[in-house]
Amino acid sequence: MILFTYGTLKQGFWNHHLLGNSIYLGKGITYEKYALYNYSYPFAVHEEIEDKHPVLPVLGELYTITREVLDEVDHLEIQYERKSRPIISETRGMVTAFVYEYMASEPYGFKLLCDTNNGAYEWKG
C-alpha cells in the first residue's frame with residue numbers, strides 16, 4: 001500500500017513517527033486539485049472547479065506502508081476520509097496512493113493556505 005502525506009506525517013513533523021519502518025518512496029504531487037486549508041495542520045479539500053478560491057495540486061511525500069500503519073493513521077485522521085487517488089511520483093511516475101481528504105468544502109475557521117510552490121500547494125508547518 002502507498003500513502004501520500006502532505007501534513008504532520010511528513011518528515012520533520014510531529015506525527016511522522018507513526019509511519020514507523022515505512023519505506024520512503026520520495027516526493028509526490030497530486031494529479032487532481034485541492035483547496036488546502038491551514039490551522040496548525042493542513043486540510044486538503046478535493047475540488048476540481050475553481051469557484052471561490054484557487055485549487056491546485058498538493059506536494060507531499062510517498063511511503064510504502066503496512067496494514068498496521070494504515071490502521072494507526074486511520075485512527076489519527078478520524079476527521080478525514082481516506083481516498084485512493086492518482087499521485088505523480090518523482091521516482092515512479094503515476095501511482096495510486098491513499099490520501100486523507102477533509103470532506104467539508106470550507107472548513108469553518110480555517111484559512112486557505114496561501115503558500116504555493118510553482119503552482120502547487122505545499123504545507124510547511
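Student: In what order do the elements of the protein chain run from the N terminus on?

Tutor: This is a predicted model, and the order in the protein chain is β-β-β-β-β-α-β-β-β. That gives 1 helix and 8 strands.

Student: How do you know how far to trust the coordinates of the protein chain, given its mean pLDDT?

Tutor: The scale runs from 0 to 100, and the mean for the protein chain is 88, with 86% of its residues at 70 or more. Confidence is highest in strand 1, at a mean of 98, and lowest in strand 8, at 71. Where pLDDT is low, predicted coordinates should not be read in detail.

Student: Why is Ser22 called buried?

Tutor: Buried means under 20% relative accessible area. Ser22 has 19% relative accessibility, so Ser22 counts as buried. Ser22 is found in the loop between strand 1 (2-5) and strand 2 (23-30). In the protein chain, buried residues make up 46% of the 125 residues.

Student: What does the side chain of Ser22 reach, and at what distance?

Tutor: The side chain of Ser22 reaches the backbone oxygen of Leu19 at 2.4 Å. The cut-off for a polar contact is 3.5 Å, and the value of 2.4 Å for Ser22 and Leu19 is set against that.

Student: Which residues is Ser22 in contact with, leaving aside its neighbours within four places in sequence?

Tutor: They are Tyr63, Thr64, Ile65 and Val69. Contact here requires heavy atoms within 4.5 Å. For the protein chain, among contacts between residues at least 6 apart in sequence, 68% join residues at least 24 apart.

Student: What makes strand 4 and strand 8 edge strands?

Tutor: The open sheet of 3 strands has the order 4-3-8, with antiparallel pairing. Strand 4 (42-46) and strand 8 (111-112) each pair on one side only, and they are the edge strands.

Student: How do you know that strand 3 and strand 4 pair?

Tutor: Pairing needs at least two bridges. Strand 3 (residues 34-38) and strand 4 have 5 bridges in the antiparallel sense, so the pair meets the definition. Tyr34 stands opposite His46 in strand 4.

Student: Which residues have the most contacts inside the largest nonpolar core?

Tutor: They are Leu3, Phe4, Tyr6, Leu19 and Leu62, in a core of 34 residues. Strand 7 gives the most to this core, with 5 residues. Other elements that supply at least two residues each include strand 5 (59-64) and helix 1 (67-76). In soluble globular proteins, nonpolar side chains tend to be buried together.

Note on methods: Residues are numbered from 1 along each chain as its sequence is written. This is a predicted model: local features need pLDDT of at least 70, side-chain atom pairs count only at pLDDT 80 or more; totals for chains, interfaces and linings use all residues. Side-chain values use heavy atoms; hydrogens and water are left out. Helices (H or I, at least four residues) and strands (E, at least two) are DSSP runs, numbered from the N terminus. Buried means under 20% relative accessible area, exposed over 50%, partly exposed in between (1.4 Å probe, protein chains only). A polar contact is a pair of N or O atoms within 3.5 Å; within protein, one must be able to donate a hydrogen and the other to accept it, and residues adjacent in sequence count only if both atoms are side-chain atoms. pLDDT is the predictor's confidence in each residue, from 0 to 100. A nonpolar core is a set of buried Ala, Val, Leu, Ile, Met, Phe, Trp, Tyr and Cys residues joined through side-chain atoms within 4.5 Å.
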